[in-house]
Structure formats: C-alpha cells, structure tokens
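Here is a briefing on one protein chain.

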Amino acid sequence: MEQGMIQIYTGEGKGKTTAAAGLAARALGQGLRVGFFGFLKTGLSGEMVSLVKAGAVFMAPQGSGKFVWQMDDTEKEACRKQQTATLARAAQMMNQFDLLVLDEVFGALATGMLTPGDVMQLVEQKPAGMELVLTGRDAPPALLAKADYVTEMRSVKHPFDDGLKARKGIEF
C-alpha cells in the first residue's frame, strides 16, 4: 500500500474483534501480509483459527483465563509482563506486515496491563505503507486523535443481558 492508515474499532457493543478479523480476511484474500496480535483474551477464537489457516501471523499471551479484576497481584504482574512482551513483539515485527491488528489493546490499557506511552510509541513508529487497526472499549482520546477511521460499536440489545452465555462459532 502506498499509504497505510490507522483504524480504531471501539465502544461497548459487540463486533470490534469481528470487524478487525473481517478486514484481516479481506486483506489476506488480496494477498496482503497480516499480523493479528491479541491482548487479554486467551485461546484461539473461531475467526483466529480461520485467519491463521489463511496465512495470518497470530500472537497472543497465554494467560490464566481470568479477567484482570479476578487476578491477585502476582497474576496481574505476570499478565502485565505478557501483554508488554506481546506489544514489543508486534512493534519488532510490524515491518513484515501490510496490516497489523492490535486486538483488545484498549482493554489492556484500561486495566493497566499496558502503558499509553508504549502503545503511542508503536503508533508513532508505524511504517507509512502499513494499515494499523486497534480495538477495544475505551479508546483514549490521544489515540482517537491519531486515527484516520474511528468506528464506535454501540449495543442496543444483546442476549448476554438476559443471561445467555457466549456461543461457540457465533460470539467466539
């Protein structure tokens, strides 16, 4: 690409990761090189399995499976180190990609697992021809200002509100 841009998918609604995965699938279909780096989530979701099979590079820390608010101080420190290492690896590898996705990076920021300065440094070092996608709730204003595209997902109705659990193949 001649000019890569910065895209943000944020908000309280469902679909941020799914939108990023759809863009990654589109890019792979056009022969672009895709890196998909996940934060805070553990395991391969259905869309990640498909993207890896199609040639995307996927990396995410293997965490405890707990939400940050459920972790004790030792677990939080281990999580923080894993998230920081994943971000550093994305920064080291970003020249290899036409599209780089940092999925749930804003969640890692909001929970103190990453620092705003580290994320901003990666954004500032983005190669001119690479598209960068950042997802998660609570996108910081400084990063919103840097973005070329900002999409806010808003939940109007969700089965989770009625106590239904996530379904394999649909929500993960």
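Contact means heavy atoms within 4.5 Å. Axes are lines fitted to C-alpha atoms, for helices over the stretch in contact, and angles run from 0 to 180 degrees between N-to-C directions. Helices (H or I, at least four residues) and strands (E, at least two) are DSSP runs, numbered from the N terminus. This is a predicted model: local features need pLDDT of at least 70, side-chain atom pairs count only at pLDDT 80 or more, and totals for chains, interfaces and linings use all residues. Residues are numbered from 1 along each chain as its sequence is written, and side-chain values use heavy atoms, with hydrogens and water left out.

**The sheet**

- 6 strands form an open, parallel sheet in the order S3-S2-S4-S5-S1-S6; two strands pair if DSSP finds at least two bridges between them.
- S3 (57–59) and S6 stand at the edges with a single partner strand each, so one side of each has no neighbour in the sheet.
- From one strand to the next, the twist averages 10°.
- S2 (residues 34–38) pairs with S3 in the parallel sense over 3 bridges. Gly-35 stands opposite Val-57 in S3.
- Helix H3 (residues 73–93) lies across S2, S3 and S4 (99–103). H3 runs at about 165° to S2.

**Strand S1**

- S1 (residues 6–11) is mostly covered, with 6 of its 6 residues buried. Buried means under 20% relative accessible area, exposed over 50%, and partly exposed in between (1.4 Å probe, protein chains only).
- In a regular strand the side chains alternate between the two faces of the sheet.
- Ile-6, Ile-8 and Thr-10 point one way from S1, while Gln-7, Tyr-9 and Gly-11 point the other way.
- S1 pairs with S5 (residues 131–135) in the parallel sense over 4 bridges. Tyr-9 stands opposite Thr-135 in S5.
- S1 and S6 (residues 149–153) run parallel, joined by 5 bridges. Gly-11 stands opposite Met-153 in S6.

**The largest pocket**

- The largest pocket holds about 1700 Å³ of space. On a 1 Å grid over the protein atoms alone, a cavity is a set of points where a 1.4 Å probe fits but cannot get out, and a pocket is an open set with protein on both sides within 12 Å along at least five of seven lines; lining residues have an atom within 4 Å of a point. Grid points are joined across faces, edges and corners, and a volume is the space filled by probe spheres set on the points.
- Of its 48 lining residues, the closest to the centre are Lys-41, Phe-67, Glu-104, Arg-137 and Glu-171.
- H1 (16–29), S2, H2 (46–53) and H3 each supply at least two residues of the lining.

- Gln-83 lies in H3 and is buried, with a relative accessible area of 2%. Beyond four places in sequence, Gln-83 touches Phe-39, Leu-40, Pro-61, Ala-108, Met-113 and Leu-114.
- Gln-7 sits in S1 and is buried at 8% relative accessible area. Among the residues that Gln-7 touches are Leu-23, Val-133 and Tyr-149.

- Leu-40 has a positive phi of about 70° although it is not a glycine. Leu-40 is in the loop between S2 and H2 and is partly exposed at 30% relative accessibility.
- Glu-104 has a positive phi near 65°. Glu-104 is in the loop between S4 and H4 (105–110) and is buried, with a relative accessible area of 17%.
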